[in-house]
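Welcome! Please take a look at the picture first.

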Amino acid sequence: MTTKSAVPKIETTSPLDAIASDIGLLILRVVFGGLLTAHGAQKLFGWFSGYGLEATQMSFDQMGYNPGELFGTLAGLTEIVGGLMLVLGVLTPLAAAIVLGTMLNAINATWGPGLFGQGGWEMALLFGTVAATLAFTGSGKFSLDAGRPWERKGFVWGAGAVALAVATGIFTLILKWVL
């Protein structure tokens with residue numbers, strides 16, 4: 001016995017369905033990369049109601065990332081460079097590795113309050129997850145990577161980017177403990 005649905009099936013196909021994922025990746029990259037770039041500009045230049053370089057460096061000293069001059073500047077630079085690379089969609093797995101390595105250290109620095117506590121590591125985890133996702137998916141058709149000889153995406157490049165991020169994140173933590 002068959003039953004007929006009282007609700008008719010609605011066709012929702014569009015000629016643009018073939019690029020829907022690329023549009024989604026463009027939106028994700030531009031918003032995420034733009035926010036990350038602005039976050040780095042807060043650290044380095046005091047823009048967007050940020051504290052600026054000197055206060056950032058002092059804060060890194062207080063978090064145990066000594067010398068704060070090195071680690072605070074490095075954090076701001078990686079956020080700006082990685083963010084801009086993602087906005088443009090250039091060398092996307094490398095950009096994702098830069099961001100993810102930075103966020104691994106941000107998770108370490110904010111571990112104490114917990115995931116959702118005041119000053120916790122929820123945002124760093126979210127940013128790191130987006131970066132890891134982009135490492136695997138690539139930047140899509142609307143990017144500087146698209147169709148170029150250097151375009152990289154897929155499992156091997158995503159896994160390589162995550163491995164590079166973990167290695168650089170651990171190396172930075174070792175420097176934190178040694179210096």
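## Before we start

Contact means heavy atoms within 4.5 Å. Helices are DSSP runs of H or I with at least four residues, numbered from the N terminus. This is a predicted model, in which local features need pLDDT of at least 70, side-chain atom pairs count only at pLDDT 80 or more, and totals for chains, interfaces and linings use all residues. Residues are numbered from 1 along each chain as its sequence is written, and side-chain values use heavy atoms, leaving out hydrogens and water.

## Helix H6 and its cover

Let's begin with H6, which runs over residues 155-178 and has 24 residues. Its buried residues (under 20% relative accessible area, with a 1.4 Å probe and protein chains only) are Gly158, Ala161, Ala165, Gly169, Thr172, Leu173 and Lys176. Among the elements that cover them are helix H3 (68-88), helix H4 (92-109) and helix H5 (122-137).

## Where H3 meets H4

Two of those covering helices also touch one another: residues of H3, including Thr78, Gly82 and Leu86, meet residues of H4, including Leu94, Ile98 and Met103. By type, the residues of this contact between H3 and H4 are 8 nonpolar, 5 polar and 1 charged. Here, Ala, Val, Leu, Ile, Met, Phe, Trp, Tyr, Cys and Pro count as nonpolar, Asp, Glu, Lys and Arg as charged, and the others, Gly among them, as polar.

## A closer look at Glu79

Glu79 sits in helix H3 and is buried, with a relative accessible area of 5%. Leaving aside residues up to four places away in sequence, Glu79 touches Leu36, Thr37, His39, Gly40, Lys43, Thr102 and Met103.

Technical notes:
Helices (H or I, at least four residues) and strands (E, at least two) are DSSP runs, numbered from the N terminus. The expected span of a helix is 1.5 Å times one less than its number of residues. Buried means under 20% relative accessible area, exposed over 50%, partly exposed in between (1.4 Å probe, protein chains only).
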